[in-house]
Amino acid sequence: MLSYLSQYEEVFGPLRLLRFLTLRMLFAAGTALFIGYILGPWLIGLLGRLSFQQSFRDESEVGKLAELHLGKKNTPTMGGLLIFVSVSVSVLLWAQFNVWTLTALFVYTSLTSLGFLDDYLKVSKRNSKGFPSRGKLIWQSLTAAVTLVILLNNPMSVDKVQELWLPFVKNAVMTQMPLWALFGFLFLVLVGASNAINVTDGVDGLAIGCTITVAIVYSIMAYAAGNFIISEYLLISHVPGVGELGIICAAIVGGGLAFLWYNAHPAEIFMGDTGSLALGGLIGVIAFMTHQAVTLIIVGGIFVMETVSVILQVMSFKSTGKRIFRMAPIHHHFELKGWAETKVVIRFWILSLIFAFAGLATLKIR
């Protein structure tokens, strides 16, 4: 919204600076950081007074892990609301609205609503079940379907959204994907990313720290894809207007840092599904719209690792009756091996940075 003030540079010269996307990205990150930091104590106090505490599985379900996480029982959840408000207000202030930004905000709002409903059912019923898994999948599927309808019915996005790009390849693999394939691809990216971050959210600071590194990478990728000169030089897809998604990614970084201030061990608040499901879906749809969806497998390597560990654990137990890991997701495996929670988180952050750098390298390797 504030970017449109650049039209009045004749009245006040410095307003012309608002034309520059990079400057607005910095402002978006700073605004989200400020809002999140200021609102944090108030939201923590409110959720505490409402008794919206995280529900944990008991010892009969998770064994020794219940003892390790005993001190977390009175910690409020739904901290994803803090990130949502920080990111949304910042984006409304600094982004220029087009089909890309509005679609991203739609996905974020839809999945935040789903996560909030799931968390509310958990805290109101005092159990860890929440919203039924089938209901979540239907909600996510409908979100993907509406997203595709929006993108296919806008002249700015209808042609570009049908292209399929892969890392290390300098041209589009497909210029017009069939509708069924396009929906299937978007569904896998959006739902997969949403559930992957949800799986990763299990110890203080882990999910949000890794999300921040991914958002930094996609802020760069969105900026590059929206800039004709840079995209031509890197031989990546040029998507007019998609650079504005860099504003959203920058806001995620700022809002994520503010949340991490209060989520660092020992956490004062958990993001809950309100945050994890929504941030995953938002990152996924941004990756899809910037034609860097497959690259998300590399950039979000931690999320892939966590998800695969769950899949392998389930497959192994169902087929052989034996477990590969002491517990899945894999961060719990290392906790049960005796690693301190902070050590698990910091080492996973290091891996996340390595995956992020590897993902950025794909922009140059064509």
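Mentor: A search of the whole structure finds 11 aromatic pairs, where rings of Phe, Tyr and Trp (its six-membered ring) pair if their centres lie within 6.5 Å, and where planes under 30 degrees apart count as stacked, over 60 as edge-to-face and the rest as tilted. The rings of Tyr37 and Trp261 have centres 5.8 Å apart and planes at 75°, so this pair is edge-to-face. It links distant parts of the chain, 224 residues apart, with Tyr37 in helix α1 (residues 21-49) and Trp261 in helix α10; helices here are DSSP runs (H or I, at least four residues), as strands are (E, at least two), numbered from the N terminus.

Please keep in mind that this is a predicted model, in which local features need pLDDT of at least 70 and side-chain atom pairs count only at pLDDT 80 or more, while totals for chains, interfaces and linings use all residues. Residues are numbered from 1 along each chain as its sequence is written, and side-chain values use heavy atoms, with hydrogens and water left out.

As for accessibility, buried means under 20% relative accessible area, exposed over 50% and partly exposed in between (1.4 Å probe, protein chains only). Tyr37, at 41% relative accessibility, counts as partly exposed, whereas Trp261, at 58%, counts as exposed.

A further pair is formed by Phe52 and Tyr120, whose ring centres are 6.1 Å apart with the planes at 80°, so that this pair is edge-to-face. Phe52 sits in the loop between α1 and α2 (59-62) and Tyr120 in helix α5 (residues 99-125), so that the pair links distant parts of the chain, 68 residues apart. Phe52 counts as buried at 15% relative accessibility, while Tyr120 is partly exposed, with a relative accessible area of 38%.

To return to Tyr37 and Trp261, these two residues form one aromatic cluster together with Tyr262. Tyr262 is also, along with Thr75 and Asp204, in contact with Ala267 (heavy atoms within 4.5 Å), leaving aside the neighbours of Ala267 within four places in sequence. Ala267 itself lies in the loop between α10 (245-263) and α11 and, at 13% relative accessibility, counts as buried.

Finally, one aromatic ring has a charge over it: Arg347 lies over the face of Trp339, at 4.6 Å from the ring centre, the criterion being NZ of Lys or CZ of Arg within 6 Å of the ring centre and within 35 degrees of the ring normal.
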